[in-house]
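I am opening my notebook to record what I looked up about pockets and aromatic rings, one entry at a time.

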Amino acid sequence: MVPTEPNFTIGIEEEYLLVDSSSMALAEAPEALMDACRSQLQEQVSPEYLNCQIEVGTKVCQTIGEAREDLKRLRACVAREAGKFGLVPIAASCHPFSDWREQTRTDKDRYNNLSADLAGVVNRMLICGMHVHVGIDPPDRRIDLMNQLSYFLPHLLALSCSSPFWQGHDTGLDSYRLTVFDNLPRTGLPPRMSSFGEFERSVQVLVDLGAIEDASKIWWDLRPSSKFPTIESRICDVQPRLEDALTLAALTQCLARMLWRLSVINQRWRIYEKFLISENRWRAQRYGVREGLIDFGLGEIVPFETLIGEMLEIIAEDAVHFSSAHEVSRARDIAAGGTSADRQRRVFAAALESGKDRDDALAAVVQHLIEEYHEDL
């Protein structure tokens, strides 16, 4: 008997930075801005750790087309309301030049407790991410698919890189955000678990000790959600372009279903040691799509465009099932043309070549990010 297919619903959460439309520097969100957004979006919008951030989340969506319309509505609302205060959002994981030391913390119990618990480590968290939820039941299947899906996290990260600059300097990394985030406890690749029960027991050990309140303080790159019957991919940088965000979400959804299809015929993706997957995670963080990742089956580094071509082949059936063939196929364009990190560097270099000084060149990068945020609205 064929097992009941999970619904594979999707939800997308994004964090944005708010910048002053004149200076291009980070600016605090006035309470009136948050109130205006809440009045239109209700629980789909919330403040983030720093006052210069704002977070949105789509409804539970059945298709990527449905997710597109909801995410477009969320992005448009934030941009429209921010504009009334001389602010504009950007969807990049690090601001190119603003200093984390100059930002203020949102005054909420959750964030005050985080600051007290994590001290100086959390104060540097001037970063934004993108989270993709995929609906999967029963709970043990979530764990089984999570164990296998971890292999593809570096591939998703490589496609998503949008944080090459930090405090006015090119870090040499395509995702500097991950460097900052990895300083927190309970981050990084998830451990291999045998069941949902094992996950719950492990979390409960820390809860009983008073180290954490609940599973929401587990910040792995991929985790069972603490709120929803989903697995939640947290590996990706946030995307300046709406369509790139949808490509990453569609890939995540299709990969999850592909792995479920294997289980139906008593097959599974080979699970490699976390140590090895971490090497690909580093390569993605460092180089984005430029230098390729390790194919552990072949035992060699394979160009990223080749890897994406192979990925699209194995999820072709799933892309048809979800009517997302167009969205996932755009991964080829990202692999060939570069990520946001590549585009930001090109804008910076072109500004310097045109005679602008370093500060103006960095401001040009922010202007570029603003334009990409509004590209598909």
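What volume does the largest pocket have? I noted about 1,200 Å³ for the largest pocket, where a pocket is an open set of points on a 1 Å grid over the protein atoms alone, at which a 1.4 Å probe fits, with protein on both sides within 12 Å along at least five of seven lines. The volume is the space filled by probe spheres set on the points, which are joined across faces, edges and corners.

Before going on, I wrote down that the model is predicted, that local features need pLDDT of at least 70 and side-chain atom pairs pLDDT 80 or more, while totals for chains, interfaces and linings use all residues. Residues are numbered from 1 along each chain as its sequence is written, and side-chain values use heavy atoms, with hydrogens and water left out.

Entry on the linings. I found 49 residues lining the largest pocket, with E13, E55, H131, K227 and E232 nearest its centre; a lining residue has an atom within 4 Å of a point. The lining of the largest pocket divides into 19 nonpolar, 16 polar and 14 charged residues. Strand 1 gives the most to this lining, with five residues. For the second largest pocket I noted a volume of about 230 Å³ and 13 lining residues, among them Y272 and R192, which belong to those nearest its centre.

Helices (H or I, at least four residues) and strands (E, at least two) are DSSP runs, numbered from the N terminus. Both F8 and F322 are buried, meaning under 20% relative accessible area with a 1.4 Å probe and protein chains only, whereas exposed is over 50% and partly exposed lies in between.

The rings of Y272 and F296 have centres 5.3 Å apart and planes at 35°, so I listed them as tilted. Y272 and F296 also belong to one aromatic cluster with Y151, F152 and W269.

Definitions and conventions
Rings of Phe, Tyr and Trp (its six-membered ring) pair if their centres lie within 6.5 Å; planes under 30 degrees apart count as stacked, over 60 as edge-to-face and the rest as tilted. Ala, Val, Leu, Ile, Met, Phe, Trp, Tyr, Cys and Pro count as nonpolar, Asp, Glu, Lys and Arg as charged, and the others, Gly among them, as polar.
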